[in-house]
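User: I would like to learn how to read a predicted model like this one. Can we take it feature by feature?

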Amino acid sequence: MSAATTRSRTPDRLCAEAVDLARATAEEAAAPGIVGEHEGLVSEGDRVVTHFFACKELGYRGWRWAVTVARASRAKVVTVDEVVLLPGPDAVLAPEWVPWSERLRPGDMGPGDLLPTDAEDLRLEPGFTGEDEPAPNAAVSEDMAELAEAEDAEVTAGAPATLPVVPSRGSIAAVAEELGMRRARVLSRYGLHTAADRWEDAYGSKTPMAQAAPASCVSCGFLVRIGGSLGQAFGVCANEFSPADGRVVSLAYGCGGHSEAAIMPKTPQPAPPVIDETKVDVFPLRPAPDSGSVPSVTDEAAAELGHS
């Protein structure tokens, strides 16, 4: 059994009686009138005792001044080890610190705010690198090519015109049904333009959020592409912390939640002034004769006019 486990938890008598020494030390560390009544003591080890005093400081309800005193073996002089302000069982403590990434909620981000994206963010994955195999249902896959050949080899009993029932496979209605286009009416060009104008005004490049963004949505990993002609200029935002989450946004729109906003963009610096030190500008010491409003007159011309 080690010496640490055999230590007595009974407070040392001399250290326990050093209440005045502990109070004086606490009052020296605190402001006047802050140290309150003695609230007990606890044995920290052999000849080591901690005294507790109430704290009267406003805003520190339930806190206590802890003064640890000790004495050497076979010594009768008690000395102060340390003094510190500690929270008691009923102390009012600040809420537990929470990282900013967990405190952030959707809608908290405003113009000019940046939300760095973690390199291991589970919401993002590497894009197409060219090394992946085509999907099983892709038109370039070998399985789809073999299936197409098998379907093309299928023949009917005769020409479609001679059959009693026109086969549905291969008809315009069947293709439209497969592509999901069998609708009575579709959006007109005017409807497309009005929708694009609304979306551009709400989440376009001229909004304050986009003006302060580090990059546009066209390069963001949270952008979900949409089909049709509108997909050339718009997409859907899938970042829950973005103010445009679930909204149709312009590809030129942007916010601080860009997927590549891990590095703050550098402020553009103006180009240094260009000074040509090899050229010399000539400045005359006297004005040119014909530079004034009065024509220059020689002495001979002045003599003819009778001037002396």
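User: Which side chains meet Asp 12 or Arg 71 in a salt bridge?

Analyst: A salt bridge is read from the gap between a side-chain nitrogen of Lys or Arg and a carboxyl oxygen of Asp or Glu, with a cut-off of 4 Å. In this predicted model, Asp 12 and Arg 71 pair with each other, N to O, at 2.9 Å.

User: Are Asp 12 and Arg 71 buried or exposed?

Analyst: The cut-off for buried is under 20% relative accessible area. Asp 12 has 12%, so Asp 12 is buried. Arg 71 has 19% and also counts as buried.

User: How many salt bridges does the structure hold?

Analyst: Two. Besides Asp 12 with Arg 71, there is Glu 17 with Arg 13, whose closest N and O atoms are 3.5 Å apart. Both Glu 17 and Arg 13 are exposed.

User: Next, the sheet. What is the order of the four strands?

Analyst: Strand order is read across the sheet, by asking which strand pairs with which. Here the order is E1-E2-E3-E4, the pairing is antiparallel and the sheet is open. Strands E1 (35-45) and E4 (79-87) stand at the edges with a single partner strand each, so one side of each has no neighbour in the sheet. From one strand to the next, the twist averages 20 degrees.

User: How many bridges join E2 to E3, and how many join E3 to E4?

Analyst: Strand E2 (residues 48-55) and strand E3 (residues 63-70) run antiparallel and are joined by seven bridges. E3 and E4 are also antiparallel, with eight bridges. Phe 53 has Trp 65 of E3 as its bridge partner, and Thr 50 has Thr 68 of E3. On the E4 side, Ala 66 stands opposite Val 84.

User: What lies across the sheet?

Analyst: Helix H2 (residues 19-29) lies across E1, E2, E3 and E4, and runs at about 115 degrees to E1.

User: Which residues of the largest nonpolar core touch the most other members?

Analyst: A core is read as buried nonpolar residues joined through their side chains. The largest one has 16 residues, and those touching the most other members are Val 35, Phe 53, Trp 65, Val 67 and Val 69. The elements giving two or more residues to this core are H2, E2 and E3. E3 gives the largest share, four residues.

User: Val 67 and Val 69 are both on that list. How do side chains alternate in a regular strand?

Analyst: In a regular strand, side chains alternate between the two faces of the sheet. As for cover, E3 is mostly covered, with seven of its eight residues buried.

User: What is Val 35 in contact with, leaving aside its neighbours within four places in sequence?

Analyst: The contacts of Val 35 include Arg 23, Ala 26, Glu 27 and Ala 30, as well as Phe 53, Ala 54, Lys 56 and Trp 65. A second, separate core has 14 residues, among them Leu 115, Met 209, Ala 210 and Leu 223.

User: Where is Ser 250, and is it buried or exposed?

Analyst: Ser 250 is in strand E7 (residues 248-250). Its relative accessible area is 5%, so Ser 250 is buried. Beyond its neighbours within four places in sequence, Ser 250 contacts Glu 200, Tyr 203, Gly 204, Cys 217, Ala 233 and Phe 234.

User: And for the whole chain, how many helices and strands are there, and what share of residues is buried?

Analyst: The chain has eight helices and seven strands. Of its 308 residues, 23% count as buried. The accessible surface is about 23500 Å², with 56% belonging to carbon and sulfur atoms.

Notes
Residues numbered from 1 in each chain as written. Predicted model: local features only at pLDDT ≥ 70, side-chain atom pairs only at ≥ 80, totals over all residues. Heavy atoms only, no water. Buried < 20%, exposed > 50% of the residue type's maximum accessible area, 1.4 Å probe, protein only. Contact = heavy atoms within 4.5 Å. Pairing = 2+ DSSP bridges. Axes fitted to C-alpha atoms, helices over the stretch in contact; angles between N-to-C directions. Areas by Shrake-Rupley, 256 points an atom, 1.4 Å probe, with all protein chains shown as cover. Core = buried A, V, L, I, M, F, W, Y, C linked by side-chain atoms within 4.5 Å.
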